[in-house]
Amino acid sequence: MYILYLWCKHVLQFFVAVLLSLIRGPKIKDKNMSLSCTWHLWGKSFRVGKCLPAISNSLRHYRNRPTHNIGRMHGLEKPKPPPVRKKEVGTWKPEEYKAVKENHLDALNFIVSGYDIVLVEQYAKYVHQLMIKFKQNILEVYALPSSNAVVKKMLGADQRLLKAMTPEIELTMYKRIIQVKDMPSQTYPILLQTLMHYIPQSITLKVDKHNEEQHLSRYQYRVELAEEKAMLQQLYDSR
Amino acid sequence: MALKKVFFSLPVCSSRWISTSCSRSAGFQGSKANIPLEMKLRMIERKKRRVEKLSKQPLAFIPITDFFIPYSWKMDKRARSKLEISEEEEDKRVLLEKEWARKTFRSRKQESWKIKLLLRHQQRALEELRQESEKLYNAALQCEDLSIPFTCRGPVQSTPLEGYLPPLGGYEHTDPLFSKDDLSLPEV
């Protein structure tokens, strides 16, 4: 009986909602974009196309029945991508960085660099958050190894004696990269404008296409391999 | 080869045996100027295999030393003395923070609204253009004219100080660790 009562209640609600919507008419959010329109009724908004539950009994769970957890959507785990093989670490795969759709940009690197780590981190965070807000396909957000600039002081300014001068201060250049893929070519200038507006002092923002050189700059130089290759070249030349 | 045979046939106590010159895998000890071709080819093949083996090893990331704290900083018990703030001062500060939060929230909201408006207008303009001509619409969506190698610098120069003489000297830039070979390789 209770189930019948619930069913009747929901059916009645549905019909009343339909009637009211017909009287009031649809409330279109954007007159230019006719893709989505929400019908506001009785404090609830029923989106056109969404199916209504005929019987919704959210009080009981029937955990001992085999039908338990049917229709459960929250708490599901996304399928994890397969782990990267040891051999494939660091290999350059250009297909990964190409745009999938037409008139969309390939993988872009937004490089934030500066001598002040606090500002660099904060601005990189801002860039990242902006990309998230505009629902861009962010591939990776990583840091490049930092390089040093040693400031040397001496009485004369002869650049040839630079190595002999005593170091005064050591400044490290910090770099953060935000890698974005498949950005529509229309949104790119708008995002650039906002980034230009909010850039802090002494920070440089550089936008570049992702290529093999930049990809390999993250990895260590292999000394042994280079030595062996040099020896091989020697043998080839001496033939 | 004959020398090796002589050495290993000698009656010697194995625990006291210390070889200073003889080794099974010493390789070619003579001058590398005049080597027979066969030997050279074998050496080349061996080198090739070695290079292949090394190149199969996975690349290692350069460690990021941005947040490494110097050891000396950790040893001393360095701590700031506690500041005693009166309640009134604390209340003032908290209220100021709240004001600031309100301001920034408002400005951020306005900014995102403006950007959304911009995007909306852009979409509309593109739709209108499409109705005018397909060619122009396709040309407008092209990725070629965009400024892709783009650099932008935040404000760097401050107002000059009166009567300030900058010291003489220079900058020396160094590469990050492990990015280049630190040892001096023989030139090929």
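A salt bridge here is a side-chain nitrogen of Lys or Arg within 4 Å of a carboxyl oxygen of Asp or Glu. Between chain A and chain B, the count comes to 4 salt bridges, and over all chains it is 11.

Some ground rules before going on. This is a predicted model, with local features needing pLDDT of at least 70 and side-chain atom pairs counted only at pLDDT 80 or more, while totals for chains, interfaces and linings use all residues. Residues are numbered from 1 along each chain as its sequence is written, chains are lettered from A in the order in which they are written, and side-chain values use heavy atoms, with hydrogens and water left out.

**Where the chains meet**

Let's start with the contact count: 81 residues of chain A touch 63 residues of chain B, contact being heavy atoms within 4.5 Å. The size of an interface is often given as the accessible area lost when the parts come together. Here the buried area (the accessible area, 1.4 Å probe, that two parts lose on being put together, summed over both) is about 6600 Å², and carbon and sulfur atoms give 65% of that. Gln220(A), Arg222(A) and Leu235(A) supply 9% of the area that chain A buries against chain B, more than any other three residues.

On the polar side, 21 residue pairs across the interface are in polar contact, both residues at pLDDT 80 or more. That term means a pair of N or O atoms within 3.5 Å; within protein, one must be able to donate a hydrogen and the other to accept it, and residues adjacent in sequence count only if both atoms are side-chain atoms.

Which elements of chain A give two or more residues to the side that touches chain B? Among them are helix H2 (117-133), strand S5 (137-153), strand S6 (166-181) and helix H5 (223-238). Helices (H or I, at least four residues) and strands (E, at least two) are DSSP runs, numbered from the N terminus. H5(A) gives the largest share, 14 residues. Sorted by class, that side of chain A has 43 nonpolar, 20 polar and 18 charged residues. Ala, Val, Leu, Ile, Met, Phe, Trp, Tyr, Cys and Pro count as nonpolar, Asp, Glu, Lys and Arg as charged, and the others, Gly among them, as polar.

Two strands pair if DSSP finds at least two bridges between them. Ala149(A) stands opposite His173(B) in S2(B).

**Salt bridges one by one**

| Pair | N to O distance |
|---|---|
| Glu228(A) and Arg50(B) | 3.9 Å |
| Arg218(A) and Glu140(A) | 3.4 Å |
| Asp208(A) and Lys206(A) | 3.9 Å |
| Glu89(B) and Arg93(B) | 3.4 Å |

Take the pair of Arg218(A) and Glu140(A). Arg218(A) sits in the loop between helix H4 (212-216) and H5 of chain A, and Glu140(A) in strand S5 of chain A, so the pair ties together parts that are 78 residues apart in sequence.

Is Arg218(A) buried or exposed? Buried, at 13% relative accessibility, where buried means under 20% relative accessible area, exposed over 50% and partly exposed in between (1.4 Å probe, protein chains only). Glu140(A), at 33%, is partly exposed. Asp208(A) is buried at 18%, and Lys206(A) is partly exposed at 36%.

In chain B, Glu89(B) and Arg93(B) both lie in helix H4 (residues 87-132), 4 residues apart, about one turn of the helix. Glu89(B) is partly exposed at 32%, as is Arg93(B) at 43%. Elsewhere, salt bridges that share partners join Glu224(A), Glu228(A), Lys47(B) and Arg50(B) into one network.
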